[in-house]
Amino acid sequence: QVQLVESGGGLVQPGGPLRLSCAASVSLFSFNAMGWYRQAPGKERELVARISSTGASNYADSVKGRFTISRDTAKSALYLQMNSLKPEDTAVYYCNAVIYKPQYDYWGQGTQVTVSS
């Protein structure tokens, strides 16, 4: 079965960097797209970044220029490099993998990112 496991979350000071990892139990070629979502307390889950099977990436306006999504197909891993972190980036971050046809989403368990001084 498909399993996604996030790691790398933690406490970081504003302005600092943090790198999140998502290990997949299957080849990344199994998916049409992968991405990172986050959910802050009292807010809806939102898409942070995504990368297609072709390598094209997209970012939420709030993180554009600060975050970078990447993948390593050899390691079946997805990454999110977060720089210049702000307190408003505090949230649980989730790894997502999507199959378009038929449509299906896989999710990781989430990893907490707290940005505070």
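Select Pro 102 to begin: in this predicted model, Pro 102 sits in the loop that links strand E9 (91–99) to strand E10 (104–107). Strands (E, at least two residues) and helices (H or I, at least four residues) are DSSP runs, numbered from the N terminus. Most peptide bonds are trans.

Residues are numbered from 1 along each chain as its sequence is written. Because the model is predicted, local features need pLDDT of at least 70 and side-chain atom pairs count only at pLDDT 80 or more, while totals for chains, interfaces and linings use all residues; side-chain values use heavy atoms, with hydrogens and water left out.

**The whole chain**

Zoom out and colour by secondary structure. The chain holds 11 strands and zero helices. Its radius of gyration is 13 Å, close to the 13 Å that the globule rule gives for 117 residues, so the chain is as compact as a globular protein of that length. The radius is taken over C-alpha atoms, and the globule rule is 2.2 Å times the number of residues to the power 0.38. Along the principal axes, the C-alpha atoms fill a box of roughly 40 × 25 × 25 Å.

Next, colour by accessibility. Of the 117 residues, 38% count as buried; buried means under 20% relative accessible area, exposed over 50%, and partly exposed in between (1.4 Å probe, protein chains only). The accessible surface comes to about 6400 Å², and 48% of this surface belongs to carbon and sulfur atoms. These areas come from the Shrake-Rupley method with a 1.4 Å probe; for residues, only the protein chains shown count as cover.

Among contacts (heavy atoms within 4.5 Å) between residues at least 6 apart in sequence, 53% join residues at least 24 apart.

**Tyr 93 in strand E9**

Return to E9 and select Tyr 93, which is placed in this strand. Is Tyr 93 buried or exposed? At 0% relative accessibility, Tyr 93 counts as buried. Show the residues around it: leaving aside neighbours within four places in sequence, Tyr 93 is in contact with residues including Trp 36, Tyr 37, Val 48, Phe 67, Leu 80 and Met 82. Then display Arg 38, whose side chain is joined to that of Tyr 93 by a polar contact of 2.9 Å. A polar contact is a pair of N or O atoms within 3.5 Å; within protein, one must be able to donate a hydrogen and the other to accept it, and residues adjacent in sequence count only if both atoms are side-chain atoms. For a distance check, pick Ser 7: Ser 7 and Tyr 93 are 86 residues apart in sequence and 9.6 Å apart in space, C-alpha to C-alpha.

**Thr 111 in strand E11**

Tyr 93 also touches Thr 111, which is the next selection. Thr 111 lies in strand E11 (residues 111–115) and is buried, with a relative accessible area of 10%. Which backbone atom lies 3.2 Å from a polar atom of the side chain of Thr 111? The backbone nitrogen of Gly 9 does. Beyond four places in sequence, the residues that Thr 111 touches include Glu 6, Ser 7, Gly 8, Leu 20, Ala 91 and Val 92.

**The loop between E8 and E9**

Select Asp 89, in the loop between E8 and E9. Asp 89 counts as buried at 1% relative accessibility. Its side chain makes a polar contact of 2.8 Å with the side chain of Arg 66. Among the residues it touches, not counting those up to four places away in sequence, are Arg 38, Val 63, Phe 67, Val 113 and Val 115.

Ser 84 also touches Asp 89 and lies in the loop between E8 and E9. Ser 84 is partly exposed, with a relative accessible area of 41%, and has a positive phi of about 50 degrees. Most residues other than glycine have a negative phi.

**The loop between E7 and E8**

Finish with the loop between strand E7 (67–72) and strand E8 (77–82), where Ala 74 lies. Ala 74 is exposed, with a relative accessible area of 75%. From its C-alpha atom to that of Gly 9, 65 residues apart along the chain, the separation is 23 Å. Ser 76 lies in the loop between E7 and E8 and counts as buried at 14% relative accessibility. Its phi is near 50 degrees, a positive value in a residue other than glycine.
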